[in-house]
Structure formats: structure tokens, C-alpha cells
Amino acid sequence: MILTCPNCETQYFADDSTIGESGRTVKCAACGHSWFVAPPGLEVDKARANPAAAHEIYRERVREQRRRKSRTVALLSWIGTAVLFFVLGVSAIMLRNDVVKVFPRAAGAYKMAGFTVNRFGIEFADIERSRTFNDTVPVVTVSGRAMNVARSTVDTPLVKVDLKDERGRTVATRYGAISPARLPAGSDGSFQVVLEQAPMESFQIELSLVDRSSAPPEALAPPAPEAPEDTAAAEPGTGDGTE
């Protein structure tokens, strides 16, 4: 006779004598499911004697097949959803600079998660700072290069220079433009910001990038004036103290 596992539908060939006259419980080697097998001819006799019972057995098998298919579909759906969220998460991390360009407020979430973001695609290099005097007027000059580390041409933002005192409080701010205004991928430009009448209590310099729309027009730094011949460096003890 042929035995069919009701759980996984694996079929086995078994000798009628192994089942015996009273039937026996068998176990599927494929899925481990156990079920009772009636002796040969008994199931046929029962089906003939009670057609309704045979029909119910058939319907139960169909329902079980549908339940297994439903579980398989649900499992595949969960796996597909998990893979989709994983891909989206990795993409959001790898392309975080592009995400922040579109949604600037996302920068805070990335920082809280411990990821650095550079939504402008610009990095500073070769920063130089100096403090001089034009007659008796203290002047702080900050210059350097701005490198485009993005994968495309960018419209350069403004360079914001903050002078801070020993307590970290901002005592003066000036904005400057990067030249040229558009940087192709991998290229660099330059900037120079001059702060005249710089407070003597300024000890630190902080550089950042801001959108052009964020800076008031009157705050933009004018072209650096030519230093007169008698311009002297800061006296010892009043060194720039900038960082």
C-alpha cells in the first residue's frame, strides 16, 4: 500500500503486513509527523459505509493544504518586508548626505544616531588664520580651500566665521563667499574672510557652512583690503590665540 503523510504529503510504499489487522501509528521520516494508518481495506469500507465522512476527510485535507500555503505566503511576505527595510536602512546611511540635502531636518536624527553628515558636499583644507593691526584696528583674517567631496557639481554655500571668547560665547561673526561659485566634483575653490575690529577677547575661531539665504546681505565679507606697509603683527602676549 501507499502511505501519504497528511502534513507534508510525502509518500511511502509499505507492505500491507507491516500495518497489521488493527492498524498502526507511523511517523514521517521527512517532517516527523505521526498519524494512524488503518489496516488495508478498512478505510475503503468506511468510506463506502459513510460517504459523508469520506467527503469530510477530503475537505480537511484541502483545508490543511490551504493553511500550509497561507503560512508559506505570510512567511515570504515577512521576509520580503524585512529585506526591503534593511535595504532602505542601508541606503539611508550610505546616501545620508543626499538625504539631508532634500530633508535638512534629517541631519539632527543622523547626528543623534552617531553619523556625520555633510549636506553641502564641501570640506575645508589648508586653513590659515592671522591677527594683525591696521593702525590701531585689530583685524582677523581666515583663509583656506574648500574641496568638493560630492559626486556632482555643487553650488558653493557661504563660509561662516565665528569668533568666540574663552567661555565659548560668540563675540563676532562674518560671512564669506567661496570662489568659484560652482565647483565640479573633485575640484576645490578658495575663500578669505576678513573681520575688522575683531574683539580682543576672541580666543577661538569656528568655521561652518551655511546656505546663502541664511546670511543677511550686509553680513557678507567685502574683498580683503590691501594691508598698508606699516601693518604690524600682533604684539607678543596678544597673539591670535585662535584655533
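Which residues does Asp165 touch, not counting residues up to four places away in sequence? With contact defined as heavy atoms within 4.5 Å, Asp165 touches Val171, Glu201, Ser202 and Phe203. The structure is a predicted model, in which local features need pLDDT of at least 70 and side-chain atom pairs count only at pLDDT 80 or more, while totals for chains, interfaces and linings use all residues. Residues are numbered from 1 along each chain as its sequence is written, and side-chain values use heavy atoms, with hydrogens and water left out.

Asp165 is located in the loop between β8 (158–164) and β9 (170–177). Strands here are DSSP runs of E with at least two residues, numbered from the N terminus. The relative accessibility of Asp165 is 6%, so the residue counts as buried; the classes are buried under 20% relative accessible area, exposed over 50% and partly exposed in between, with a 1.4 Å probe and protein chains only. In contrast to the buried Asp165, Arg169 is partly exposed, with a relative accessible area of 49%.

Two strands are taken to pair if DSSP finds at least two bridges between them. β8 and β9 are joined in the antiparallel sense by 7 bridges, and β8 and β12 likewise pair antiparallel over 7 bridges. In β9, Thr173 stands opposite Asp162 and Thr170 stands opposite Lys164. In β12, Leu207 stands opposite Val161. The hairpin of β8 and β9 has 5 residues between the strands, and Gly168 in the turn has a positive phi of about 85°. Of the 7 residues of β8, 6 are buried, so the strand is largely enclosed by the rest of the structure.

A further set of pairings involves strand β6 (residues 137–148), which is mostly covered, 9 of its 12 residues being buried. β6 pairs in the antiparallel sense with strand β5 (residues 122–134) over 11 bridges, and with strand β11 (residues 188–196), also antiparallel, over 9 bridges. Thr141 in β6 is the bridge partner of Ser130, and Gly189 in β11 is the bridge partner of Ala146. In the hairpin of β5 and β6, which has 2 residues between the strands, Asp135 takes a positive phi near 60°.

Side chains of opposite charge can pair when their charged atoms come close. A salt bridge was counted where a side-chain nitrogen of Lys or Arg lies within 4 Å of a carboxyl oxygen of Asp or Glu, and this rule gives 5 salt bridges. Among them, Arg145 and Asp126 meet at 2.7 Å, N to O. Arg145 lies in strand β6 and Asp126 in strand β5, so this pair ties together parts that are 19 residues apart in sequence. Arg145 is partly exposed, with a relative accessible area of 27%, whereas Asp126 is exposed, at 51%. Asp126, Arg145 and Asp188 are linked in a network of salt bridges.

Another salt bridge joins Asp155 and Arg182, with the closest N and O atoms 2.5 Å apart. Asp155 lies in strand β7 (residues 154–155) and Arg182 in strand β10 (residues 182–183), so the pair ties together parts that are 27 residues apart in sequence. Asp155 is exposed, with a relative accessible area of 53%, and Arg182 counts as partly exposed at 49% relative accessibility.

Note on methods. Helices (H or I, at least four residues) and strands (E, at least two) are DSSP runs, numbered from the N terminus.
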